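Here is a quick tour of some ring contacts, a sheet and a couple of helices. Have a look at the model first, then read on.

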Amino acid sequence: MMRHFPNTVWTFNSTRMNFLTRFARKLFGTQNTGHDDRSDRTVPMANNRQISATAPTAIIDQNGRRIIPHAVHKIDRHRLDDNASKVVYRLTDAGHEGYLVGGCIRDLLMGLRPKDFDVATSAEPEKAHELFRRSRLIGRRFKLLHVRFGREIIEVATFRAAHDQDEDNDSNKGRQSATGMLVRDNVYGSLADDALRRDFTVNSLYYDLKDHSIIDFAKGYDDLQARVIRMIGDPQERYREDPVRMLRAVRFAAKLDFEIETDTATPIRELAPLLRNIAPARLFDESLKLFQSGHAESVYQLMQQHNLFVQLYEQTARAVKKPQGYPVETLILNALRNTDRRIRQRKSVTPAFLYAALLWYPMQQRMNQLLEQEELPPLQALHEAANEVIAQQVKSTAIPRRFSAPVREIWELQLRLPRHQGKRAERLLEHPRFRAAYDLLVLRENSGEDLDGLSTWWTEYQKANPVQRDHNRDRDRSRHEQRNERNQDERKPRRRRRPGRNRSSQNSKPSSQHSGGTHE
């Protein structure tokens with residue numbers, strides 16, 4: 001006899017329905033008016049949205065921390081990185097504090113897509129390293145842990161503190177140079193200490209996965225609303241600790257379309273020369289962040305305004321002031337706009353092309369000097385000028401050889417592209433650096449340099465089909481031959497020797513006596 005268990009069946013159906021409902025909400029992001037806090041998902045804050053006047057902007061907890069609840073900031077939890085969340089959960093399960101921090105939270109609040117996710121923790125690097133199998137410690141000046149998930153790397157940093165809190169005064173943990181620059185920064189502290197050691201208020205926001213709130217020690221949330229870049233602490237002292245912060249200020253201002261707060265901006269022009277004390281390899285990495293972020297033109301304008309561009313690109317800055325008839329700054333701006341456009345279109349960009357454009361006119365000016373002073377052939381003068389300009393540039397930004405070599409090739413092709421007669425055009429078209437060299441050629445002509453329509457010729461040649469290319473090649477060959485014939489008519493004719501015969505045999509005639517004697 002079959003027994004019926006209506007209550008059990010109803011419980012099972014209810015459980016299954018609740019599971020399906022939660023799955024649908026997670027899949028489609030629908031919002032629920034019930035009490036399940038996991039369903040409270042809304043779209044991220046757009047750039048022009050302001051905080052509601054009726055909602056509380058922050059809550060002060062029992063530890064005096066300023067908490068922005070999820071109901072206020074409304075970051076969509078679907079946009080949090082799963083791997084970064086796993087790192088935080090692993091740290092908290094082991095008894096440590098862990099938060100998502102920095103630029104990822106800033107970008108999420110602005111409705112942008114974070115480039116990467118960083119984690120801050122109370123665990124010291126060696127302790128955190130023990131928790132993750134696929135991780136490694138990096139850095140000496142600023143020790144970090146990199147946790148790898150396939151191709152993705154989650155950067156984990158231990159809470160930092162001010163150096164005067166280091167009771168042991170251990171130079172292996174923290175040390176400053178005579179100019180005030182931090183040469184080692186491994187003094188650890190609390191979450192509050194770490195927040196005040198960060199550079200800008202908008203980067204000092206901590207996302208707590210336990211209740212999905214944001215912890216704000218420096219009123220960075222308010223500065224995001226006001227669209228302001230503000231330094232934490234005394235700007236002069238913070239810039240002296242790490243001069244790269246001046247570059248970061250203009251980069252964030254350009255990326256977010258923010259204003260740099262007056263007290264934060266004022267010392268930059270005076271302290272900009274401190275950048276010359278930074279390692280060239282680090283400045284090269286910073287230059288890529290500056291000009292390959294999709295806002296290169298705005299970055300350039302801000303760098304010029306705050307006396308920063310000349311610290312990284314002294315030769316180019318000098319050429320901008322003394323262009324010697326070349327459209328130097330116009331070419332720079334066109335190259336940066338082109339880079340921004342390609343990034344918006346999600347096309348690839350290479351530092352080689354960027355540096356080829358930035359240093360083209362400094363190289364051209366030096367090449368002209370060599371042509372006048374030493375009367376070198378153009379190609380040799382170009383090689384000499386390229387060596388000198390690149391050698392000078394690597395003292396500021398250490399361009400790796402994998403980029404400096406293509407820069408030279410792009411420059412060399414600028415001399416070869418005008419000579420496209422016969423089969424040369426097809427051979428140049430197959431050159432691995434042709435496309436970059438062609439783009440630079442177009443930028444030069446569009447910037448105002450007189451190249452007699454050379455970029456137009458190459459544009460039409462690439463668009464033409466093989467039959468049209470052969471026709472153009474034959475036409476160019478005939479023109480070239482006609483020029484050669486005219487030149488030959490003007491030259492004195494020369495006698496040519498037959499191969500395999502010496503001059504005496506060519507000038508003497510065989511005699512019968514000599515011939516008879518031979519046969520005898």
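Arg160 lies over the face of Phe142, 3.8 Å from the ring centre. For a charge to count as sitting over a ring, NZ of Lys or CZ of Arg has to be within 6 Å of the ring centre and within 35 degrees of the ring normal. Here are the two cases side by side:

| Charged residue | Ring | Distance to ring centre |
|---|---|---|
| Arg160 | Phe142 | 3.8 Å |
| Arg106 | Phe252 | 4.6 Å |

A word on ground rules: this is a predicted model, where local features need pLDDT of at least 70 and side-chain atom pairs count only at pLDDT 80 or more, while totals for chains, interfaces and linings use all residues. Residues are numbered from 1 along each chain as its sequence is written, and side-chain values use heavy atoms, with hydrogens and water left out.

Back to the rings. The structure holds 16 aromatic pairs, meaning rings of Phe, Tyr and Trp (its six-membered ring) with centres within 6.5 Å; planes under 30 degrees apart are stacked, over 60 edge-to-face, and the rest tilted. Phe200 and Phe252 make an edge-to-face pair, at 5.9 Å centre to centre with 90° between the planes. That pair links distant parts of the chain, 52 residues apart: Phe200 is in the loop between helix 6 (191–197) and strand 10 (205–208), and Phe252 is in helix 9 (residues 244–256). Helices (H or I, at least four residues) and strands (E, at least two) are DSSP runs, numbered from the N terminus. Both Phe200 and Phe252 are buried, that is, under 20% relative accessible area (1.4 Å probe, protein chains only). Elsewhere, ring pairs tie Phe284, Phe291, Tyr300, Phe309, Tyr313, Tyr355 and Phe403 into a cluster.

Two strands pair if DSSP finds at least two bridges between them; strand 6 (residues 144–149) and strand 7 (residues 152–158) are antiparallel over 5 bridges. Leu145 has Val156 in strand 7 as its bridge partner.

Finally, helix 19 (residues 378–393). Its buried residues are Ala381, Leu382, Ala385, Ala386, Val389, Ile390 and Gln393. In helix 15, the buried residues are Gln315, Thr316, Ala317 and Ala319.

How values were computed. Buried means under 20% relative accessible area, exposed over 50%, partly exposed in between (1.4 Å probe, protein chains only).
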